[in-house]
Amino acid sequence: MQVTVEIPEDIGKVLASAAVPLNRAALEGLAAESYRSGVLSEFQVTRLLGFPSRFDVHQWLRERQIPYRYTEADLTDDLATLTELGIR
């Protein structure tokens, strides 16, 4: 899906002069707010931003000071997986 956003010309020029391309900045802003509000999962953010692994998303979240959502159920699942793999 492609989304088009219209912004005032003068603001567009200011934003376009930033180090990050405007389309990437907008995509990351959408991903950040969607994850923060619980609309998108970690996996969906990984796909949306084209990261190769979940660890890249973790780093990206840390850089933006966005709390990582990790529940007790996630911990239980991770421990079960480690047990199945013989690591725990």
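The legends below describe close-up views of a predicted model, in which local features need pLDDT of at least 70, side-chain atom pairs count only at pLDDT 80 or more, and totals for chains, interfaces and linings use all residues. Residues are numbered from 1 along each chain as its sequence is written, and side-chain values use heavy atoms, with hydrogens and water left out.

**View 1. Helix α2 covers residues 22-36.** Helices are DSSP runs of H or I with at least four residues, numbered from the N terminus. The 15 residues of α2 reach 21 Å from first C-alpha to last, close to the 21 Å expected at 1.5 Å a residue; the expected span is 1.5 Å times one less than the number of residues. Just after α2, Gly-38 has a positive phi of about 85°.

**View 2. Buried residues of α2 pack against α3 (42-49) and α4 (54-63).** They are Glu-28, Ala-31, Ala-32, Ser-34 and Tyr-35. Buried means under 20% relative accessible area, with a 1.4 Å probe and protein chains only.

**View 3. Thr-46 lies in helix α3.** Thr-46 counts as buried because its relative accessibility is 10%. Leaving out residues up to four places away in sequence, Thr-46 touches Phe-51, Ser-53, Arg-54 and Val-57, where contact means heavy atoms within 4.5 Å.

**View 4. The lining of the largest pocket has 10 nonpolar, three polar and no charged residues.** A pocket is an open set of points on a 1 Å grid over the protein atoms alone, where a 1.4 Å probe fits, with protein on both sides within 12 Å along at least five of seven lines; lining residues have an atom within 4 Å of a point. Of the 13 lining residues, Val-3, Asn-23, Ala-26, Leu-27 and Leu-30 lie nearest the centre. Helix α2 gives the largest share of this lining, five residues.

Methods: Helix = DSSP H or I, 4+ residues; strand = E, 2+ residues; numbered from the N terminus. Buried < 20%, exposed > 50% of the residue type's maximum accessible area, 1.4 Å probe, protein only. Nonpolar A, V, L, I, M, F, W, Y, C, P; charged D, E, K, R; others polar.
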